[in-house]
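Below are some questions and answers on one structure.

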Amino acid sequence: MPKNLKLILIIAFLLLALLAKLSPLFIVDILFTEFLQNINQPFFKELMLNITRLGNINAIYLSVLLAVLVLYLFKKVKSAIFLVISTSGGIFLAEFFKYFIGRPRPASPVIEKFLDITGNNSFPSGHVLFAISFYGFLIFLTNLYIKDKVLKTVFNLIFILIIILMGISRIYLGAHWLSDVLGAYFLGVTWLLTIHMIFLNQKLK
């Protein structure tokens with residue numbers, strides 16, 4: 001891991017946040033959304049809808065509850081506590097910056113919106129921040145506790161794919177711009193690295 005990775009990610013996020021605050025729309029955002037929405041395959045749309053549902057509030061509660069129960073059954077109390085902290089912290093950061101930046105949701109006659117969006121603010125993507133803070137922390141736990149290489153690889157690939165596809169789904173469905181998603185990745189990875197460092201320094205079992 002590069003020594004100054006977190007600093008680089010923070011700077012990249014702050015630059016994107018400033019641009020999003022100053023301008024609600026970038027041409028590259030429209031072009032990338034158009035590119036994704038030109039994928040006219042029913043299975044792709046269904047995949048995107050199913051992936052994005054993993055970041056809906058009911059799915060978040062269920063996912064966190066199941067993960068915490070599994071960790072508790074294996075007596076990994078510290079891991080369960082930090083998984084909740086990581087996830088709730090990621091969601092809080094998303095809502096905080098959404099309010100502070102106040103960037104409107106995508107609205108353009110050249111893109112389709114496949115979802116009814118309740119929230120008005122767009123930067124950064126809350127779904128992506130949840131995916132990184134929850135599934136990203138599960139990646140750390142997978143590498144910490146699972147010894148079987150094949151099983152470890154399978155879990156890692158599943159979690160990584162969900163994190164990547166979550167961002168793609170939010171753009172494809174017209175819920176966020178590319179810059180919203182990139183900002184969430186920059187901020188989310190920074191938060192994840194921070195919480196993982198704290199996790200490793202704690203003495204809890």
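Q: Leaving aside neighbours within four places in sequence, which residues is Ser-179 in contact with?
A: Contact means heavy atoms within 4.5 Å. The model is predicted, so local features need pLDDT of at least 70 and side-chain atom pairs pLDDT 80 or more, while totals for chains, interfaces and linings use all residues. Residues are numbered from 1 along each chain as its sequence is written, and side-chain values use heavy atoms, without hydrogens and water. With neighbours within four places set aside, the contacts of Ser-179 are Leu-16, Phe-26, Asp-29, Arg-103 and Phe-123.

Q: With which side chain does the side chain of Ser-179 make a polar contact?
A: A polar contact is a pair of N or O atoms within 3.5 Å; within protein, one must be able to donate a hydrogen and the other to accept it, and residues adjacent in sequence count only if both atoms are side-chain atoms. At 2.7 Å, the partner of Ser-179 is the side chain of Arg-103.

Q: Which residues are linked with Arg-103 in a network of salt bridges?
A: A salt bridge puts a side-chain nitrogen of Lys or Arg within 4 Å of a carboxyl oxygen of Asp or Glu. Arg-103 pairs with Asp-29 at 3.1 Å, N to O, and with Asp-180 at 2.7 Å between the closest N and O atoms. The network therefore joins Arg-103 to Asp-29 and Asp-180.

Q: Is Asp-180 buried or exposed?
A: Buried means under 20% relative accessible area, exposed over 50%, and partly exposed in between (1.4 Å probe, protein chains only). The relative accessibility of Asp-180 is 0%, so Asp-180 is buried.
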